[in-house]
Amino acid sequence: MFKSVLLVCFFLLVLNEASVQETVQVFIGDSVVLPCHSPRQPTILTAHWRYEDSKNVYDIQDGVVSTKEQDAVYKSRTASFPAEYSKGNFSLILRKLQDIDTGSFCCFLPEFNSLRLCTVLQVKEKPMGIQEKPGSNRGVESKAERISSLLIPFFAGTILLWLCEWGFWVM
C-alpha cells in the first residue's frame, strides 16, 4: 500500500512539471518556427520563451508581446502569431540563426501548470553542396526534387513490368 502511494505521488510530481522536447537541425542564417501549442484553448493568453532556462527570448503577457526584458541577442530577431494566441498557438519565429543559438528554447505556459514545450536547436554551417534558388525553401525543395526524379522512373518501370507480367499490358 505504501509503495502504491509513493508511486502515485511520483507520477503527480512528474505530470505537474510536464515537459515535451524535440530536436531540430537548422543552418546559420536561416529562420525557424519554434512550436508552442497549449493542450486546449487557453483562457489566459500568456507564454514565456526562454533559452537554456535563463535568457529571456520573448514574453507574451495577457495577449500582448513584451520585449522590454528581452535579452539583447534576440532583439529584432523574434516574432510570433498574435492572431493565433486565442487558439493556443504561442509559437515563435527566430530569424537570422547564429551558432550561439544552439541549445534549448522552452515555452512555458503558466495556465497549464507551467507546461514546458522545448525545442533543441542544432545550428550548423550550411554544407557547400546546398545551393539556394531564389524563392526556394533553403535547399529542402531541391533535395526532394532530386529524390522524386529518381524514384518516379523506378516505380513507373516496376508497375509497367508488373502489368506486362500479369497480362494487363501487351508490348
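A disulfide is a pair of cysteine sulfur atoms within 2.5 Å. In the present structure, which is a predicted model, the count by this rule comes to two disulfides. When the bonded cysteines of the protein are numbered in sequence order, their pairing reads 1-3, 2-4.

One of these disulfides joins C36 to C107, with an S to S distance of 2.0 Å. The link of C36 and C107 is left-handed, with -50° about the S-S bond. Because C36 is placed in the loop between β2 and β3 and C107 in strand β8, the pair ties together parts that lie 71 residues apart in sequence. C36 is buried, its relative accessible area being 1%. C107 is likewise assigned as buried, at a relative accessible area of 0%.

A disulfide is also formed by C106 and C118, whose sulfur atoms are 2.0 Å apart. Here the angle about the S-S bond is 105°, and the link of C106 and C118 is right-handed. Distant parts of the chain are linked by this pair, with C106 in strand β8 and C118 in strand β9, 12 residues apart. Both C106 and C118 are buried.

Salt bridges were examined next. Five salt bridges are found in a search of the whole structure, and among them are the pairs K126 with D30, D53 with R116 and R77 with D101.

In the salt bridge between K126 and D30, the closest N and O atoms are 3.4 Å apart. K126 belongs to the loop between β9 (115-124) and α2 (140-165), and D30 to the loop between β1 (19-27) and β2 (32-34); the pair therefore ties together parts that are 96 residues apart in sequence. K126 counts as partly exposed, at 22% relative accessibility, whereas D30 is buried, with a relative accessible area of 7%.

The side chains of D53 and R116 also meet in a salt bridge, at 3.7 Å from N to O. Distant parts of the chain are linked by this pair: D53 is in the loop between β3 (47-51) and β4 (55-61), and R116 is in strand β9, 63 residues apart. D53 counts as partly exposed, at 46% relative accessibility. R116 is partly exposed as well, with a relative accessible area of 22%.

A further salt bridge brings together the side chains of R77 and D101, at an N to O distance of 2.3 Å. R77 lies in the loop between β5 (64-66) and β6 (78-80), while D101 lies in the loop between β7 (92-94) and β8 (103-109), so this pair ties together parts that are 24 residues apart in sequence. Both R77 and D101 are buried.

T78 is located in strand β6. Its relative accessible area is 12%, and T78 is therefore classed as buried, since the term buried applies to values under 20%. The side chains of T78 and Q70 are joined by a polar contact of 2.9 Å. When residues up to four places away in sequence are not counted, T78 touches V57, Y58, Q70, L92, I93, L94 and R95.

Key: Residues are numbered from 1 along each chain as its sequence is written. This is a predicted model: local features need pLDDT of at least 70, side-chain atom pairs count only at pLDDT 80 or more; totals for chains, interfaces and linings use all residues. Side-chain values use heavy atoms; hydrogens and water are left out. A salt bridge is a side-chain nitrogen of Lys or Arg within 4 Å of a carboxyl oxygen of Asp or Glu. Helices (H or I, at least four residues) and strands (E, at least two) are DSSP runs, numbered from the N terminus. Buried means under 20% relative accessible area, exposed over 50%, partly exposed in between (1.4 Å probe, protein chains only). A polar contact is a pair of N or O atoms within 3.5 Å; within protein, one must be able to donate a hydrogen and the other to accept it, and residues adjacent in sequence count only if both atoms are side-chain atoms. Contact means heavy atoms within 4.5 Å.
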